[in-house]
Amino acid sequence: MTKNIYKYVVLIALLIGAGGCDKDFEEINTNPIEPTTLDPVYLFSDAQRTSAVSTLGYQAAIVQQVQIPYSGFVAGGNLNLVNETQSAPMFNDLYTQTIRNLTAVIEMTKDDPERSNLYNMARIWRAYSFQVLVDTYGDVPYFEAGKGFLESTYLPAYDEASVIYEDIIKEYQQATDALNPDGDVVPGDLFYQGNIEQWKKLGNSLLLRTGMRYTEIDEAKAQSIVTTAVDPARGGVITSNEDNAFVPYSSIFIHPMSSPLMATERLNYYVGAPFVEFLQETDDPRLEYIAVKYENPAGTLESLGTENTNPEDQQGMPYGYDDTNIASAPGFPGKIGAAFAYSQFNRRTVLQLDRPEFLVTYAQTALLLAEAAHRGYIPGGEAVAQEYYEAGIRAHMEQMEAYSGVTEEAIINITPEEVAAFLAQPEIAYDPAQALEQINEQYWVASFLQFQEAWSNFRRSGYPELEPINYPSQDPSVNDFGGGFIRRLPYPLRERSVNENNVNEAIARMGGNTLGNPVFWDVVD
């Protein structure tokens with residue numbers, strides 16, 4: 001009893017004391033060094049960083065540049081199977097991080113003329129992020145997305161993919177045109193440190209990419225969008241590797257995809273056979289810096305033993321197999337300890353921890369312009385198409401220098417003479433009769449490590465002409481609807497559970513939620 005009375009007495013005293021301090025309450029309870037608002041530029045920088053989502057589980061294997069000989073946790077595009085662990089992260093990460101932050105930036109700056117450039121950069125990159133989502137999943141939340149903390153819209157409606165694309169086109173064009181070289185500087189911009197000329201080129205290059213998505217469904221529309229994108233009065237498109245948009249990494253802030261491949265997952269990933277063989281058949285100088293055979297694949301960088309980078313000795317891992325039956329594959333090279341003796345990715349170059357993550361490049365832009373010229377969308381005919389084709393190849397070979405390592409043998413320097421010799425080969429020399437195949441095969445190579453874009457362009461163009469994986473227990477929709485290839489990824493289980501009505505409406509509209517359902521611009525042969 002005495003203890004309880006004491007508690008009440010203390011409580012009353014505290015309440016009386018608190019009442020006597022009302023006039024200074026806010027001042028006393030305010031931390032003088034804690035920020036009360038967050039500069040939106042920090043949200044923008046983080047959105048740029050988080051937009052570089054790993055695409056190893058599906059996209060890299062679908063385009064047959066990366067092979068994973070295992071089922072279970074890492075299964076996905078390698079075996080044409082549905083695996084929530086690998087299919088959901090892009091949806092979840094882009095919505096909960098990138099789009100959420102970009103939506104906040106737009107809301108915080110839309111009525112502030114002194115932050116107009118930041119506002120329009122956020123619009124461009126938000127459109128890019130949604131384009132990735134549409135290209136991956138089809139119909140997705142768009143007009144109501146990212147507004148949970150702004151408007152309490154926690155269960156956003158799913159919008160039709162083609163309608164979203166229309167708004168993306170509008171966003172690219174309007175936001176790019178609104179960028180002002182005399183306006184606010186955005187020093188936190190990871191891509192260009194606020195350079196408006198380069199941002200205009202980026203916005204127009206994304207518009208070009210978007211226009212080319214329509215080539216198989218509406219050529220007139222494709223040409224109209226491309227014409228707008230390349231208009232020099234609007235700033236033009238990316239014109240050199242100096243304009244490449246990429247996320248930089250360092251020895252401290254390491255690359256999220258390279259990190260596991262250099263550590264716990266280093267024995268699980270191999271170079272795909274079609275990719276190795278294509279580069280070998282065309283004597284491509286890039287292969288020397290991409291693929292390697294290690295004497296001791298399980299070792300650290302200091303204990304790998306002999307590192308054989310001779311292009312002729314590389315052997316990519318074939319598709320349609322897993323670890324239980326790959327020993328029956330033609331030319332099986334055996335194992336080295338726990339590792340298969342197939343070629344792996346060079347850990348001193350393309351897998352190093354501080355490598356950049358390219359998102360939009362001059363090489364890709366030039367190759368799209370080559371196709372646009374070949375199709376007659378832009379003036380100049382085949383002569384201009386050839387110029388852009390060769391420029392795209394040259395640009396990617398020069399871009400490879402960004403993967404140079406610190407050791408002498410890891411320095412990437414593809415000389416002008418090597419480039420010229422490569423371009424002079426009969427299989428590579430520009431041929432108008434084979435232009436679409438040549439251009440898009442090189443787009444496939446130039447999008448190495450940008451697996452999402454490689455997959456999108458492969459579905460659009462049909463090149464390179466890859467053989468279907470045909471894993472014995474693959475999802476039947478891959479053949480039933482997808483022409484032997486994965487055309488889209490299914491919606492995450494969490495989204496189907498929480499936002500059930502809106503997801504089901506989208507599934508009904510799209511005709512299913514399978515790996516074989518194509519997105520609207522993808523015409524399955």
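Biologist: Which element gives the largest share of the lining of the largest pocket?

Modeller: α6 does, with four residues. Keep in mind that this is a predicted model.

Biologist: Which other elements supply at least two residues of that lining?

Modeller: α3, α5 (84–87) and α12 (258–261) do, alongside α6. The lining has 28 residues. Val-53, Ser-54, Thr-55, Pro-89 and Pro-256 lie nearest the centre of the pocket. The volume is about 530 Å³.

Biologist: How does the lining of the largest pocket divide by class?

Modeller: It has 17 nonpolar, eight polar and three charged residues. Of the residues nearest the centre, Val-53, Pro-89 and Pro-256 count as nonpolar, because Val and Pro are in that class. Ser-54 and Thr-55 count as polar, because Ser and Thr fall among the others.

Biologist: What is the volume of the second largest pocket, and what lines it?

Modeller: The volume is about 460 Å³. The second largest pocket is lined by 21 residues. Tyr-95, Thr-96, Tyr-154, Pro-156 and Glu-495 lie nearest its centre. α6, α8 (148–151) and α21 (493–498) each give two or more residues to this lining. The largest share, six residues, comes from α6. By class, the lining holds ten nonpolar, six polar and five charged residues.

Biologist: What is known of the largest cavity?

Modeller: About 230 Å³ of space lies in it. The lining has 21 residues, and Tyr-128, Val-132, Leu-359, Gln-452 and Glu-453 lie nearest the centre. α6 (89–109), α7, β11 (357–360) and α19 (451–461) each give two or more residues to the lining. By class, the lining of this cavity has ten nonpolar, six polar and five charged residues.

Biologist: How do you know that Leu-261 and Arg-266 line the second largest cavity?

Modeller: A lining residue must have an atom within 4 Å of a cavity point. Leu-261 and Arg-266 are on that list, and so are Glu-265, Tyr-269, Gln-344, Phe-345, Arg-347 and Leu-351. The volume of this second cavity is about 60 Å³.

Biologist: Why does this lining count three charged residues?

Modeller: Glu and Arg are in the charged class. Glu-265, Arg-266 and Arg-347 belong to the lining, so they make up the three charged residues. The rest divide into four nonpolar and one polar.

Biologist: Why are α6 and α7 called roughly antiparallel?

Modeller: Their axes cross at roughly 155°. Angles over 145 degrees count as roughly antiparallel. The pair therefore qualifies. The axes come within 9 Å, and the crossing is left-handed.

Biologist: Which residues of α6 and α7 meet?

Modeller: From α6 they include Met-90, Phe-91, Leu-94, Ile-99 and Leu-102. From α7 they include Leu-118, Ala-122, Trp-125, Val-132 and Leu-133. The contact has 16 nonpolar, five polar and two charged residues. Arg-123 and Arg-126 take part, so they are the charged ones.

Biologist: How do you know that α3 and α7 are roughly parallel?

Modeller: Set the angle against the cut-off. The axes of α3 (residues 40–50) and α7 (residues 116–137) cross at roughly 25°. Angles under 35 degrees count as roughly parallel. The label therefore holds. These axes come within 11 Å. Their crossing is left-handed.

Biologist: What makes the contact between them?

Modeller: Pro-40, Val-41, Phe-44, Ala-47 and Gln-48 of α3 meet Leu-118, Met-121, Ala-122 and Trp-125 of α7. Eight are nonpolar, one is polar and none is charged.

Biologist: Why is the arrangement of α15 and α16 called roughly antiparallel?

Modeller: The axes of α15 (residues 362–375) and α16 (residues 381–399) cross at roughly 165° and come within 7 Å. An angle over 145 degrees makes the two roughly antiparallel. α15 passes α16 in a left-handed crossing. Among the contact residues are Ala-363, Ala-366, Ala-370 and Ala-373 of α15 and Gly-381, Ala-385, Gly-392 and Ala-395 of α16. The contact divides into 13 nonpolar, five polar and one charged. Glu-382 of α16 is in the contact, so it is the charged one.

Methods:
Residues numbered from 1 in each chain as written. Predicted model: local features only at pLDDT ≥ 70, side-chain atom pairs only at ≥ 80, totals over all residues. Heavy atoms only, no water. Axes fitted to C-alpha atoms, helices over the stretch in contact; angles between N-to-C directions. Parallel < 35°, antiparallel > 145°, perpendicular 65-115°, else oblique. Left-handed = near helix turned anticlockwise from the far one by under 90°. Contact = heavy atoms within 4.5 Å. 1 Å grid on protein atoms, 1.4 Å probe; cavity = no way out; pocket = protein on both sides within 12 Å on 5 of 7 lines; lining within 4 Å. Points joined across faces, edges and corners; volume = space filled by probe spheres on them.
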